[in-house]
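Please look over the sequence and the 3D structure below before reading the briefing that follows.

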Amino acid sequence: ADRGSEATVDAASTLTRLGVVGCGLMGSGIAEVAAKAGLDVAVREIDEAAAAAGRARLTTSLDRGVRGGKLSEADRDAVLGRLSFTTDLGDFADRDVVIEAVAENEQLKADIFGALDKVVTRPDAIFASNTSSIPIAKLGMATSRPEQVVGIHFFNPVPVQKLVEIVPSLLTSPETAQAAQDFATGRLGKEVIRSQDRAGFVVNSLLVPYLLAAVRMLESGFAAAADIDRGMVLGCAHPMGPLALCDLIGLDTIKAVAESMYEEFKEPLYAPPPLLMRMVDAGLLGKKSGRGFHSYP
Ligand code: CAA
């Protein structure tokens with residue numbers, strides 16, 4: 001390695017205090033992985049009830065590790081000891097890295113980046129978003145330090161999936177992108193790929209049209225949900241079928257990602273089909289709501 005990259009590895013090694021904004025499906029997974037890796041993790045949720053739900057989600061996932069023999073009870077307690085929950089972004093003043101993982105809503109995310117910019121004191125702190133489809137450049141522009149804003153995009157379930165997409169915007173400095181990459185690999189133990197700042201990045205650009213095609217196939221009466229899923233599991237060795245994967249990701253998230261990609265490219269293959277829209281309208285969001293294309297008792 002040249003001296004430049006040694007310097008950035010050193011920079012990443014000083015990134016020990018992480019803030020996670022949002023403790024839903026993705027935020028809780030990110031917080032869990034980071035706390036398991038020994039980082040000091042502060043999690044912010046919107047109110048006490050949401051914070052309690054986030055803590056419960058995280059504890060359930062850790063308990064699953066204990067039951068499966070992957071984590072001792074003492075380790076679980078140590079991990080929980082490295083996690084703190086707050087409803088006040090002001091508590092993020094001392095964070096070295098913040099990862100935003102709230103719903104796929106551009107205004108909401110921009111407001112959070114604006115607020116973080118005012119609160120976080122470290123001059124070279126990293127401001128990251130787990131967005132899968134909102135331009136990193138727009139989130140950067142909501143701050144006074146767009147060169148420190150970068151996409152760090154995780155995959156669901158975060159503790160299981162190895163990949164992280166690193167997404168520098170046109171304004172992100174090479175130092176920030178490299179530090180984010182070193183943080184994801186060296187600190188969190190993930191594998192990285194790089195993507196340009198285009199809606200969907202690399203993985204969702206390939207995945208989302210496939211998922212939407214499965215929904216259209218069901219919608220048109222072409223095949224039954226169980227057969228579509230069995231087809232891809234048994235025919236292509238996917239770990240789960242496309243409709244079960246929609247249920248895992250959350251239909252509201254799929255809809256939001258598809259809409260961002262449609263807005264970006266104006267290509268019909270990204271347009272969310274009416275069945276997906278109606279299921280979201282009806283609160284059938286997949287696994288997290290108990291019913292989507294399949295049921296989860
Ligand atoms: N936390 C920790 N560990 C978990 C876990 C969780 N939430 N869920 C599963 N695991 C672990 C299990 O403990 C188990 O580990 P061992 O094999 O060591 O015992 C392993 O993962 C497999 O779990 P299961 O046996 O319970 O279930 P499975 O074999 O059916 O796997 C799955 C479940 C991991 C979800 C698998 O089906 C899978 O990988 N599916 C594809 C998921 C996928 O494509 N994700 C990407 C979605 S796209 C996205 O996230 C990006 C976006 O922007 C929309």
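Helices (H or I, at least four residues) and strands (E, at least two) are DSSP runs, numbered from the N terminus. This is a predicted model, in which local features need pLDDT of at least 70 and side-chain atom pairs count only at pLDDT 80 or more, while totals for chains, interfaces and linings use all residues. Residues are numbered from 1 along each chain as its sequence is written.

**The buried face of helix 12**

- Within helix 12, which covers residues 274–281, the buried residues are Leu276, Met279 and Val280.
- Seen down the helix axis, the buried residues of helix 12 fall within an arc of 100°, so they line one face of the helix; the arc is that of the directions from the helix axis to the C-beta atoms.
- The cover over these buried residues includes helix 8 and helix 11 (251–265), and two residues count as in contact if their C-beta atoms, placed from the backbone, lie within 7 Å.
- After helix 12 comes glycine 283, whose phi is positive, near 75°.

**Leucine 251**

- Leucine 251, which lies in helix 11, is buried, with 27 other C-beta atoms within 10 Å.
- Although leucine 251 and methionine 279 are 28 residues apart in sequence, their C-alpha atoms are 7.7 Å apart in space.
- Leaving aside neighbours within four places in sequence, the contacts of leucine 251 include Leu276, Met279 and Val280, the residues that are buried in helix 12.

- Eight strands form an open sheet with mixed pairing, in the order 3-2-1-4-5-6-7-8, and two strands pair if DSSP finds at least two bridges between them.
- At the edges are strand 3 (83–86) and strand 8 (191–194), each of which pairs on one side only.
- From one strand to the next, the twist averages 25°, with axes being lines fitted to C-alpha atoms, for helices over the stretch in contact, and angles running from 0 to 180 degrees between N-to-C directions.
- Strand 6 (residues 149–154) and strand 7 (residues 163–168) run antiparallel and are joined by five bridges, with valine 150 standing opposite proline 168 in strand 7.
- Helix 8 (residues 201–219) lies across strand 6, strand 7 and strand 8, and runs at about 115° to strand 7.

Note on methods. A residue is buried if 20 or more other C-beta atoms lie within 10 Å of its own, exposed if 12 or fewer, and partly exposed in between; C-beta atoms are placed from the backbone.
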